[in-house]
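Subject: Structure handover

Hello,

Please load it before reading on.

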Amino acid sequence: MSKINKIGIITSGGDCPGMNATVTAIANAAIEHGIDAYFVVDGYRGLINKQFIKATKESADNFFNLGGTSIGTARLPEFAQVEVRKIAVKSLNEEGIDALVIIGGDGSYKGAIRLNEMGIRVITMSGTIDNDIASSFYTLGFDSCLNTLTDYIDNCKDTSKSHNRCTIIETMGHGCGDLALLSAMATNADLVSTNQNQFTIAEIAEFAKQAKQANKRIFSVIVSEQMYDLKELETTIQKVSGYDTRANRVGHYQRGGRPSNLDRIIGVMQGTKAVELLVQGHTGKALGYFFNEIKVFDIEEALDMKNDRDTHKRYINALKLMGCKVKE
């Protein structure tokens with residue numbers, strides 16, 4: 001396989017804290033290897049629009065500790081079409097970019113597979129707050145988001161306790177319950193409901209009623225996104241339990257903010273490893289973080305992996321022993 005002279009760096013899909021640290025690590029590692037690094041602006045769309053910016057160590061270092069992604073991201077469903085991908089490959093060839101490092105979620109991984117099949121060398125790594133890529137124990141951005149959620153829920157509980165309220169917090173997660181489960185654990189919540197462990201509205205209202213009858217000053221409920229009509233949930237709890245009830249959708253607030261120490265470390269470890277793999281001649285690989293170790297998988301294997309059910313059971317058991325209402 002020919003020597004790599006230029007590496008393109010892409011952040012794709014939803015943004016997350018830690019992406020910038022990862023981009024910095026990739027650019028710096030490439031430069032240390034004598035390879036030119038290029039920022040691809042706005043994800044896969046930047047390949048179509050030929051938006052390439054040559055990185056310097058100074059330009060990369062400038063945004064290392066910032067939230068979001070300073071090189072931009074965008075969703076491009078059209079990238080599933082082979083004719084669109086041919087435009088991307090043509091752009092890369094004309095620019096002389098030999099390889100790509102792509103940070104994103106499962107959709108980004110699928111795009112990387114297709115590019116690899118078309119002769120572009122690629123390395124991928126997770127970048128999503130949802131923690132829904134099983135090839136990484138913690139996906140890049142998850143820890144920062146969990147910290148943000150913990151602060152948000154703590155603050156809501158402070159005021160709810162003052163006013164003897166039930167507070168409902170809706171987290172993100174995109175079908176994965178880890179944000180809800182672990183933020184519930186981190187804030188000593190009274191009830192948590194996720195896509196994998198879902199209570200009905202009637203069940204939640206009944207638990208709130210029992211808490212109110214026991215003179216509990218606050219009842220905190222954590223739910224994953226897109227499961228309930230929050231207004232209906234709020235109204236039903238208030239009617240059944242007697243708690244003054246407030247529903248809070250955290251929304252995109254939890255995706256922003258500066259990355260945690262852990263996400264910066266994950267970003268640096270994965271970013272530098274990606275460049276090493278490319279230099280060694282590897283392609284079509286996905287990186288995952290497992291307790292200070294970066295593991296390497298084929299991208300297809302990474303997409304097919306399932307979350308560890310034993311870990312999930314340990315979360316559920318710990319929550320139950322804390323007195324939190326959670327379904328098995």
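Predicted model: local features only at pLDDT ≥ 70, side-chain atom pairs only at ≥ 80, totals over all residues.

Numbering starts from 1 along each chain as its sequence is written, and side-chain values use heavy atoms, with hydrogens and water left out.

**Domain record**

The unreviewed UniProt entry annotates residues 6-278 as "domain: Phosphofructokinase". UniProt positions are in the numbering used here, feature names are shortened, and annotations may be inferred rather than shown by experiment. The end C-alpha atoms of residues 6-278 lie 11 Å apart. The span is 45% helix and 18% strand. Helices (H or I, at least four residues) and strands (E, at least two) are DSSP runs, numbered from the N terminus.

Two strands pair if DSSP finds at least two bridges between them. Axes here are lines fitted to C-alpha atoms, for helices over the stretch in contact; angles run from 0 to 180 degrees between N-to-C directions.

Strand 1 (residues 6-11) and strand 4 (residues 99-104) run parallel, joined by five bridges. T11 sits opposite I103 of strand 4. Contact means heavy atoms within 4.5 Å.

Another open sheet has four strands in the order 7-8-6-9, with parallel pairing. Its edge strands are strand 7 (191-193) and strand 9 (244-249), each pairing on one side only. Neighbouring strands of this sheet are turned by 15° against each other on average, direction ignored.

Six bridges pair strand 6 (residues 165-171) with strand 8 (residues 219-224) in the parallel sense. I169 has I222 in strand 8 as its bridge partner. Helix 9 (residues 230-241) packs on the sheet and touches strand 6, strand 8 and strand 9. The direction of helix 9 makes about 160° with that of strand 9. Helix 7 (residues 178-186) lies across strand 6, strand 7 and strand 8, at about 160° to strand 8.

**Pocket and cavity**

On a 1 Å grid over the protein atoms alone, a cavity is a set of points where a 1.4 Å probe fits but cannot get out; a pocket is an open set with protein on both sides within 12 Å along at least five of seven lines; lining residues have an atom within 4 Å of a point. Grid points are joined across faces, edges and corners, and a volume is the space filled by probe spheres set on the points.

The largest pocket has a volume of about 650 Å³. Its lining has 29 residues, with G13, G14, R75, D106 and G107 nearest its centre. Helix 5 (residues 106-117) gives the largest share of that lining, six residues.

There is one cavity of 30 Å³ or more. The largest cavity has a volume of about 40 Å³. It is lined by A184, M185, N188, A189, L319, M322 and C324.

Best regards
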